[in-house]
Amino acid sequence: MRRIYMDANATTPLLPEVFDAMRPFWMEHFGNASSIHQQGQFARAAVDHARDSMARLLHCRTSEIVFTSGGTESDNLALFGTLQQEPTAAPAHLITTGIEHHAVLHAAESLEKKIGALSHKGALSHNQALSQGIEVTFLPCTPQGLIEPATLQAAIRPNTRLVSIMFANNETGVLQPILELAAIAHAAGALFHTDAVQAAGKLPLDLSPNGPLKDVDLLTLSGHKIYAPKGIGVLFVRRNVRLAPMLHGGTHERQRRAGTENVAGIVGLGKAAELAHTWLQTDGPDKLTTLRDRLEQGILTQVEESGVNGAGAPRVSNTTNLYFDHVEAEALVIALDLKGLSVSGGSACQSGATEPSHVLTAMGLTPARARASIRFSLSKLTTEEEVDEALALIPAAVARLRDLSPTWRRPEAITV
Ligand code: PLP
């Protein structure tokens, strides 16, 4: 059976050009980039080249790129690295949102817990405990999934040190007004971090000192969402931003991330950045939007009692999150999987959990509607034929599940 992949927000396929660029660095060019000999120099040159490519994609300096093991590590490094510096008299304040990926949400919760946990254990004096604990505010979103600038403004405190708000949501694709949000953080003297894992490669990101994203101090990106491998990522750290390392060891990455470089992964990410940079200058993003809209409209016109979560808000080109009332998303994901279509209910990182999505419930969906929601995320390899094949499968799968649902109004022939 030919499979159709519509789960690119979970992970993207590795592009052949990316694999070809990486292969020699597992084989003949296996050197450690820190070694002085020729194999080492070859690896170092490849890492430098990849850093150049990434800096071109992000319009930043090469010294502002820190290679990490992925989006989760970059998010943790941004939060812990800026907030857990030397103790201060007053606890630092972090503002983030209730709709972040768990890589930010759980890192923030961990920073927040330290106040109670440490003072309770009596391990530190009360003052020391306070100085290491972080106050955290989780901002609410609108029903469209947007964080309003006024909501951020109202949450700012004199001790706000970091604001962390995602660029594009992984479940709905909704884009936040990052320029305005970052400007508010800066005006208050706070740093601004954005998790751009679902935005990078899908829209232009210009972090140059006078560019649109000039108020963004830290930005997270993950390799396996831009057609590079899993286990490699970037944290952009703007010049002059002080960052305490989380990993202690060698002086790699200008002492911001110790550990022998994942040379093949970095080379793959560099190649993916080059390809993304070129793709963004073509009509690729528009074509992807057209395909996504074709899928979305096709479903909405064929399936009654369905709708788009985040409708009307700006969204990334590849994502649509739809609810199908009276259907369990998990059952629909399995039914479509059996027909050869890969999609996701909630975020992939939570699959198996029966809790409704924290993002959709934060947007005000009832738990039932959140549990009836499916994410379709196309890749730049998705074709029109695949969209049409998916459109031929989805209405029938929904209808079959609704026929089994106790809450669905059945045709009279069945109910008598
Ligand atoms: N942030 C967002 C918005 C994501 O979608 C993901 C992965 O799904 C991550 C962070 C984590 O990235 P990684 O899988 O590279 O650790």
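This is a predicted model: local features need pLDDT of at least 70, side-chain atom pairs count only at pLDDT 80 or more; totals for chains, interfaces and linings use all residues.
If you look at the handedness, H11 passes H14 in a right-handed crossing. On the H11 side, the residues that meet H14 are Ala-331, Leu-332, Ala-335 and Leu-336. They touch Leu-393, Ile-394, Ala-397, Val-398 and Leu-401 in H14. Sort that contact by residue class and you get nine nonpolar residues, with no polar and no charged ones.

The crossing is right-handed. H10 brings Leu-291, Arg-294, Leu-295, Gly-298, Ile-299 and Gln-302 to the contact, while H14 supplies Glu-384, Val-387, Asp-388, Ala-390, Leu-391, Ile-394 and Pro-395. By class, that's eight nonpolar, two polar and three charged residues. Keep an eye on Ile-394 here: this H14 residue is part of the contact with H10, and it also meets H11.

Now move to another helix pair, H2 and H9. H2 spans residues 38-58 and H9 spans residues 263-280. Their axes lie 8 Å apart and the packing angle is about 30°, so H2 is roughly parallel to H9. This time H2 passes its partner H9 in a left-handed crossing. From H2, the contact takes in Ala-43, Ala-46, Val-47, His-49, Ala-50, Ser-53, Met-54, Arg-56 and Leu-57. Facing them in H9 are Val-263, Ile-266, Val-267, Leu-269, Gly-270, Ala-273, Glu-274, Ala-276, His-277 and Leu-280. The contact of H2 with H9 has 13 nonpolar residues, plus four polar and two charged ones.

That leaves the empty space inside. Rolling a probe the size of a water molecule over the atoms shows where such space is left. In this model the count comes to one cavity of 30 Å³ or more, and the largest cavity has a volume of about 90 Å³. To find it on your screen, go to Gly-201, Lys-202, Lys-225, Tyr-227 and Leu-288, the lining residues that lie nearest its centre. The whole lining is made of 13 residues, and these divide into seven nonpolar, three polar and three charged.

Notes. Residues are numbered from 1 along each chain as its sequence is written. Side-chain values use heavy atoms; hydrogens and water are left out. On a 1 Å grid over the protein atoms alone, a cavity is a set of points where a 1.4 Å probe fits but cannot get out, and a pocket is an open set with protein on both sides within 12 Å along at least five of seven lines; lining residues have an atom within 4 Å of a point. Grid points are joined across faces, edges and corners, and a volume is the space filled by probe spheres set on the points. Ala, Val, Leu, Ile, Met, Phe, Trp, Tyr, Cys and Pro count as nonpolar, Asp, Glu, Lys and Arg as charged, and the others, Gly among them, as polar. Axes are lines fitted to C-alpha atoms, for helices over the stretch in contact, and angles run from 0 to 180 degrees between N-to-C directions. Helices (H or I, at least four residues) and strands (E, at least two) are DSSP runs, numbered from the N terminus. Angles under 35 degrees count as roughly parallel, over 145 as roughly antiparallel, 65 to 115 as roughly perpendicular and the rest as oblique. A crossing is left-handed if the near helix is turned anticlockwise from the far one by less than a right angle, and right-handed if clockwise. Contact means heavy atoms within 4.5 Å.
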